[in-house]
Amino acid sequence: MTVKIPALDRLLAGGFPPGQQGDVWLVGAGPGAVDLLTVRALRLIEKAEVVVCDRLVGPDILALIPPTALNIDVGKTPGFHGMKQSQINQLLVDLARAGRQVIRLKGGDPFIFGRGGEEMQWLQQAGVTCHIVPGITAATGCAAATGIPLTHRDMAQSVRFITGHGRDGKPQLDWESLRDARQTLVFYMGLTWCEALSEQMIRHGRDAHTPVAIIERGTRHDQRTHITRLDRLAQTVAERQPQSPGLLIVGDVVRLYRNGADHAATSTFTPSASKASIDA
């Protein structure tokens with residue numbers, strides 16, 4: 001069951017005897033599809049006592065949590081944070097000190113834009129044992145689900161994972177370093193600031209006709225993919241209204257999407273109901 005924040009006092013009050021401290025497991029839940037969980041993550045979730053979960057964890061994965069476990073939802077939505085990161089950090093410490101074995105369940109991989117590093121540091125400083133369970137990050141999951149390779153000998157010799165949302169909101173990036181056409185760019189949390197992202201990249205030398213894939217709810221049964229160009233990115237987002245979680249892939253490798261779409265329709269792990277829309 002999902003526990004609201006006021007119920008935490010009752011949860012923590014039922015702790016174990018002093019000295020019997022619990023551990024915290026930072027677990028990557030992958031990009032959304034339940035069968036993209038690692039075996040280790042699956043085993044931990046199925047035996048969970050307390051789960052502290054993010055908004056980006058897929059519903060099919062949440063359904064694996066035992067009904068006897070306490071599921072504390074600390075998810076953040078754009079413009080609304082039910083708990084600040086510092087509060088989440090301290091919550092993990094308090095739960096462990098109360099003798100709980102805690103699963104901190106995160107979408108994707110904990111160490112790629114999941115604030116897992118911050119939480120690990122906080123736990124270590126508090127003397128709480130922290131275990132890391134990696135997950136398939138959204139970039140590789142969404143690329144596989146759409147048949148878009150992130151690197152290709154003829155198109156892209158490198159790939160960069162970039163957050164599209166800065167600490168204070170609008171991204172502050174080294175725009176000059178993003179101009180190389182041989183480099184694939186993957187933006188996490190980039191939908192809100194897509195207009196600024198495209199304008200700055202074009203201004204600093206990225207070709208305006210560079211193809212862009214907008215992938216929403218990647219690897220899930222309701223995945224949708226929109227193909228556009230860098231100079232039409234903001235217009236496409238305004239017209240199609242893609243929903244979070246969403247990912248942007250920028251680069252010539254996106255030109256291979258049409259072939260990938262045919263493959264996706266027959267893939268065993270890619271949602272067969274995926275919809276695609278193409279901006280010529």
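Tutor: Let us begin with a definition: rings of Phe, Tyr and Trp (its six-membered ring) pair if their centres lie within 6.5 Å, and planes under 30 degrees apart count as stacked, over 60 as edge-to-face and the rest as tilted. The model is a predicted one, in which local features need pLDDT of at least 70 and side-chain atom pairs count only at pLDDT 80 or more, while totals for chains, interfaces and linings use all residues. Residues are numbered from 1 along each chain as its sequence is written, and side-chain values use heavy atoms, with hydrogens and water left out.

Student: How are the planes of Phe-161 and Tyr-188 arranged: stacked, edge-to-face or tilted?

Tutor: The two ring centres lie 6.0 Å apart, and the angle between the planes is 55°. Phe-161 belongs to strand E9 (residues 158-163) and Tyr-188 to strand E10 (residues 183-188), so the pair ties together parts that are 27 residues apart in sequence. Helices (H or I, at least four residues) and strands (E, at least two) are DSSP runs, numbered from the N terminus. The arrangement of the pair is tilted.

Student: Which residue joins Phe-161 and Tyr-188 in a cluster?

Tutor: The cluster is linked through ring pairs. Besides Phe-161 and Tyr-188, its member is Phe-113.

Student: Is Tyr-188 buried or exposed?

Tutor: Buried means under 20% relative accessible area, exposed over 50%, and partly exposed in between (1.4 Å probe, protein chains only). Phe-161 has 31% and is therefore partly exposed. Tyr-188 has a relative accessibility of 8%, so Tyr-188 is buried.

Student: What percentage of the residues of the protein chain count as buried?

Tutor: The protein chain holds 9 helices and 14 strands. Its residues number 280. The part of them that counts as buried is 48%.

Student: Which residues of helix H5 (residues 116-125) are buried?

Tutor: The buried residues of H5 are Gly-116, Glu-119 and Leu-123. They cover an arc of only 65° around the axis (the arc of the directions from the helix axis to the C-beta atoms), which puts them on the same side of H5. Their cover includes strand E2 (24-28), helix H4 (85-97), strand E7 (102-106) and strand E8 (130-133).

Student: Why is E13 described as largely enclosed?

Tutor: One side of E13 has Gly-246, Leu-248 and Val-250, the other has Leu-247 and Ile-249, and all are buried. E13 is largely enclosed by the rest of the structure because its buried residues number 5 of the 5.

Student: How many bridges join E11 to E13?

Tutor: Two strands pair if DSSP finds at least two bridges between them. E10 and E13 run antiparallel and are joined by 4 bridges, and Val-186 has Ile-249 as its bridge partner in E13. E11 and E13 also run antiparallel, with Ile-215 bridged to Leu-247. The number of bridges joining E11 to E13 is 5.

Student: Which residue is joined to Pro-245 by a cis peptide bond?

Tutor: Pro-245 is placed in the loop between helix H8 (233-240) and E13. The cis bond has an omega of about 0°. The residue joined to Pro-245 is Ser-244.

Student: What is the phi of Thr-219?

Tutor: Thr-219 lies in the loop between E11 and strand E12 (224-229). Thr-219 is buried, at 2% relative accessible area. Although Thr-219 is not a glycine, its phi is positive, at about 75°.

Note on methods: Contact = heavy atoms within 4.5 Å.
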